Amino acid sequence: MKTILLVEDEEDDVFFLQQAFRKAGILNPMHVASDGQQAIDYFKGAGKFANRTEFPPPGLVLLDLKLPYVMGLDVLKWVRQQPELPVVVIILSSSSELADIKTAYRLGANAYLVKPPDVSKLVEVAKSIKDFWLTHNVLPAE
Amino acid sequence: MSLRLRAFMGAEGTANILIVDDRPEQLLAMQVVLADLPANIVRAESGKEALRQLLHQEFAVILLDVKMPIMDGFETAALIRQRPACQDTPIIFVTAYDLEDLARSYALGAVDYIQTPIVPEILRTKVGVFVDLFTKAQKIKQQAQQLQEHVQELTELNRELEAFSYSISHDMRAPLRSMQGFAQHLIDEYNGKLDEHAVSRLQRICRSAIRLDNLIQDVLSYQKILRAEAPKDHVDLDRLVRDMIQTYPDWQPPKAHIQIENALPSVIGNEAFLTQCVSSLVGNAIKFVPPGALPEIKIGSELIGSQVRVSFQDNGIGIAPEDQSRIFRLFERVSPATQYEGTGIGLTIVRKAVQRMGGQVGLQSEPGKGSRFWIQLEKAD
């Protein structure tokens, strides 16, 4: 079962996303990186993520854009520069700015989702991620 | 103030006059006559020397003796004119009256001539005019420079404003999402453990958070309509409206009944702006109905000259005549907030968007008999 990495600095949003994933019936293990540097550490298996059994490489990343230390788009850029990382990266941001959306796709995001203003709608978002990215989508490494 | 401008102002009031003559006594005579003018006088005893002076500074006017050895006044003038920086510098020839010479001097771009022997009054007056002209031109340049700086400041301010609203959309909305989310979480997860008062209060928190979020969104939309680029193009209004009805569940039965009377014509406008207008107008028509009534909206169009008037007829509560003029103003609401939710920005956005597309908006309405809002835009071919 694919591991999900949630890169999100807002504790509240982490809580709501975890709730929504649970309600959507997503049982995949989920880990949280609370800033951009932690996300890169996770990919490298460095620092507190050194234990690969506990923190296996993720198959799906939910990436916020506004993050401390390393911004989301820079994390995305870094991930796409690593040839051995065929991972689905879904941007999940409150920004619906055209510039952000364009840059995200240019840097290799697989999808761009805007955080719904109404948190209860997150369950729908989670369900669609489950159906498409966790069920039907196939990656080259598999 | 920029360095460039300050340097420029230092030179203000010191217009330069270049006098060119091979006879020192003639130069001295002219210098004495022109001494009263608010200008620096620069002397040159040959055409070559004159050209050298022109390399260093700008002159309000050049007084050029025609009869000089080696390089005469005409040759000098021709060389001066070849230099791009001196193409418009006024040249006054100093010469004995000779019709042929005169014709040649004007052909070389002289603006005037002064006859020898020199009459001091005439020389001073003529040169004075050019010094004055030069000073005024400098002043205009300086004002243009200031204007340019203002434009830069405004552009900068605009950019800051943009960054500000960008940060609003991120930073202000996140805590609101938390408020609404946690209240909703308590309602959902502690079902049965909370009494009805607690649930109702949590619902109020949710509603307030959503209302504030709507307000932020509307302010941002309004700001976008005010400042965004709005290139005008051919817009297929019929497709746009039908697509929107398909997209919004609230615009479909059983929640609302929207009917397009005839295929709507295409207009000249901006698609994003028009989407915003239709969204606000239909949104209002659905919102402002008597309690329990099914919103019924008829969208129609009529040709008025070269323009199309698209109207949105509803079966809503209507608007009293005394309120009709103020509903397009920012934050004006004519119905109590407790009864109908709204931010008071929607119609302001519509009016501004239509204005920016070069059109008009209006309404006919009577309390209890519904409203008919219209927007009028240029018809596309």
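The model is a predicted one, so please read every value below as computed from it. Chains A and B touch through twelve residues from chain A and 13 residues from chain B. Within chain A, α1(A) crosses α5(A) at roughly 60°, while α2(A) and α3(A) pack at about 20°. In chain B, five strands form an open sheet with mixed pairing.

**Where the chains meet**

- On the side of chain B that touches chain A, the elements giving two or more residues are α6 (120-189) and α7 (196-227) of chain B.
- The biggest giver on that side is α6(B), with eleven residues.
- Sorted by class, this side of chain B has seven polar, three nonpolar and three charged residues.

**Helices α1 and α5 of chain A**

- Helix α1 (residues 11-23) and helix α5 (residues 122-136) of chain A have axes that come within 8 Å.
- With a crossing angle of roughly 60°, α1(A) and α5(A) are therefore oblique to each other.
- The crossing of α1(A) past α5(A) is right-handed.
- From α1(A), Phe16(A), Leu17(A), Ala20(A), Phe21(A) and Lys23(A) take part in the contact, and they meet Leu122(A), Val123(A), Val125(A) and Ala126(A) of α5(A).
- By class, this contact of α1(A) with α5(A) has eight nonpolar residues, one charged residue and no polar ones.

**Helices α2 and α3 of chain A**

- Helix α2 (residues 36-44) and helix α3 (residues 72-81) of chain A have their axes 9 Å apart, at an angle of about 20°.
- That angle makes α2(A) roughly parallel to α3(A).
- α2(A) and α3(A) cross in the right-handed sense.
- Gly36(A), Ala39(A), Ile40(A) and Phe43(A) are the α2(A) residues in the contact, and their counterparts in α3(A) are Gly72(A), Asp74(A), Val75(A), Trp78(A) and Val79(A).
- Six nonpolar, two polar and one charged residues make up the contact of α2(A) with α3(A).

**The five-stranded sheet of chain B**

- The strand order in chain B is β7-β9-β10-β12-β11.
- At the edges sit β7 (257-260) and β11 (360-365) of chain B, each pairing on one side only.
- On average, and ignoring direction, neighbouring strands of this sheet are turned by 20° against each other.
- β7(B) pairs in the parallel sense with strand β9 (residues 296-304) of chain B, over four bridges.
- Gln259(B) has Lys298(B), in β9(B), as its bridge partner.
- Helix α9 (residues 271-287) of chain B packs on the sheet and touches β7, β9, β10 (307-313) and β12 (371-378) of chain B.
- The direction of α9(B) makes about 30° with that of β10(B).

Note on methods. Residues numbered from 1 in each chain as written. Chains lettered and ligands numbered in written order. Predicted model: local features only at pLDDT ≥ 70, side-chain atom pairs only at ≥ 80, totals over all residues. Contact = placed C-beta atoms within 7 Å. Nonpolar A, V, L, I, M, F, W, Y, C, P; charged D, E, K, R; others polar. Axes fitted to C-alpha atoms, helices over the stretch in contact; angles between N-to-C directions. Parallel < 35°, antiparallel > 145°, perpendicular 65-115°, else oblique. Left-handed = near helix turned anticlockwise from the far one by under 90°. Pairing = 2+ DSSP bridges.
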